[in-house]
Amino acid sequence: MGDVLAGNHAVWEFDSDSVLIRFARGMRTPRLFHAVGPRRIPFEAVSGVALTPGKRDTVVLRAVPRPGADPLVEAAAGQLREVCDPYRLVLPGERAPQAAAFADALLSRLGPDRAEPAERFLVGVPRPPLLLKAYDARVGFDGSAITFHWSRTGATSTKWKACDQRYPLSALTGVEWRSPEGPGGHLRLLLRDAAGDPRPDHDLAAAVFGMGYGAVHESLPFAAAVLAAVRGRAAMSSVPRARDSGERLHHLSELHSAGLLTDAEYAALRDRFTTEPL
C-alpha cells in the first residue's frame, strides 16, 4: 500500500494501480458519500489533478475524472454541488506539501491517453437489486429490468391508468437524472425505440422527485447503476461472435488461396484451429 492523505471527509490512499477513497462517517459528511461507500479509482480513470487554495486556510486536492470513466459522474452530468464532489479532498493548509507530493505522484502515473474518453466505465457503482422511492412511484432495478410501481396518491392519472411498467435493459439506451435539488427533478429512462412524453409526470418511463423523495444520495447511485448496466450490456452485445472451427478453416483457406499465407503458415494455423477448443 502507498501514501495516505487524510482530509475533512475522506482518506485517499495511493495504491499500486489506483487511488482508494474511504469516506468518513459522521453527520457532516455528505450522505452521498455514505451511500456510495469506498471507491477505488484506477489511474486510467483520471485525466488530471489540481491543487488549489481553499477557504479558511485550507487546500483542495481534486482528481479530474476521465470522461466516460465513472458512471456516477456521467449520470450526474455536472449537477453535483461542490461539497458533494467525490473527487474533491479538502485539507488543512499545513498539509499542502503532502497534498502536492500526492498530486505529483498521481500525475506521474497517468497515461498519455488520459484526455481521451474512456471506452468503458472503469469505476464501480452500487450493484442491484436497488430500490428508489420517488414521489409518484417505487422504482426497482433487479439487474435485468427496471420497474415502475405507481403511487396511488402521487402519480398522475396518465400513469395510474397505464398500470405499472417494466423496461428490460435491452429496451434502453441510457438514463437521464435531474437533481431533486433543482426544479423538475426526475429519473427518466431513455428508450431505444420510442420517445416518452416530455413531461416527466406523464412519461411512463420516468419517476418524479419531490420533497423527501428521490434525494441525491438515493437517486444518483440508482441512476448510475442503471447507466452502467445499460452501457455494459451494449459493450457485450457489440463483441463479435466467436467463429467456429469450420468458419476459421474456411477463412484460412481463402487467405492461403489469395497468397496471404504460405504453405507452412497455413498448415500450422490449420492444425492449431482443428485442435483448439471452442
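Helix H3 is 13 residues long, and from its first C-alpha to its last it reaches 18 Å, close to the 18 Å expected at 1.5 Å a residue. The model is a predicted one. Within H3, the buried residues are Ala 99, Phe 102, Ala 103 and Leu 106. These residues sit on the same side of H3, because they cover an arc of only 100° around the axis. Pro 97, Asp 104 and Ser 108, on the other side of H3, are exposed.

What do the buried residues of H3 pack against? Their partners are strands: S1 (4-6), S2, S3 (18-23), S5 (46-53), S6 (58-65) and S7 (88-92).

Aromatic rings give a further view of this region. A pair of such rings is described by the distance of the centres and the angle of the planes. Searching the whole structure gives 7 aromatic pairs. One of them joins Phe 14 and Phe 102 in an edge-to-face arrangement, with 5.6 Å centre to centre and 85° between the planes. Phe 14 belongs to strand S2 (residues 10-14) and Phe 102 to helix H3 (residues 96-108), so this pair ties together parts that are 88 residues apart in sequence. Phe 14 and Phe 102 are both buried. A second pair, Phe 148 with Trp 150, is stacked, at 5.4 Å centre to centre and 25° between the planes. Phe 148 and Trp 150 are likewise both buried. Phe 14 and Phe 102 also take part in a cluster, in which ring pairs link them with Trp 12 and Phe 43.

Next comes a sheet from another part of the chain. Strands of a sheet pair through backbone hydrogen bonds, either parallel or antiparallel. Here 3 strands make up an open sheet, in the order S12-S13-S14, and the pairing is antiparallel. Strand S12 (172-178) and strand S14 (206-208) are the edge strands, each pairing on one side only. On average, neighbouring strands of this sheet are turned by 10° against each other, direction ignored. How many bridges join S12 to S13? There are 6 bridges between S12 and strand S13 (residues 186-191), and these two strands run antiparallel.

Strand S14 contains Val 208. Is Val 208 buried or exposed? Val 208 has a relative accessibility of 16% and therefore counts as buried, the cut-off for buried being under 20%. Leaving aside neighbours within four places in sequence, the residues in contact with Val 208 are Ala 134, Tyr 135, Asp 136, Lys 159, Gly 185, His 186, Pro 200 and Asp 201. Among these, His 186 falls within strand S13 (residues 186-191). Pro 180 is 28 residues from Val 208 along the chain, and their C-alpha atoms are separated by 8.8 Å.

The view can now widen to the whole chain. Its secondary structure comes to 7 helices and 14 strands. The chain has 278 residues, of which 40% count as buried. Of the contacts in the chain with a separation of 6 or more, 57% are accounted for by residues 24 or more positions apart. The pair of Phe 14 and Phe 102 described above spans 88 residues in sequence.

Conventions. Residues are numbered from 1 along each chain as its sequence is written. This is a predicted model: local features need pLDDT of at least 70, side-chain atom pairs count only at pLDDT 80 or more; totals for chains, interfaces and linings use all residues. Side-chain values use heavy atoms; hydrogens and water are left out. Rings of Phe, Tyr and Trp (its six-membered ring) pair if their centres lie within 6.5 Å; planes under 30 degrees apart count as stacked, over 60 as edge-to-face and the rest as tilted. Helices (H or I, at least four residues) and strands (E, at least two) are DSSP runs, numbered from the N terminus. Buried means under 20% relative accessible area, exposed over 50%, partly exposed in between (1.4 Å probe, protein chains only). Two strands pair if DSSP finds at least two bridges between them. Axes are lines fitted to C-alpha atoms, for helices over the stretch in contact, and angles run from 0 to 180 degrees between N-to-C directions. The expected span of a helix is 1.5 Å times one less than its number of residues. The arc is that of the directions from the helix axis to the C-beta atoms. Contact means heavy atoms within 4.5 Å.
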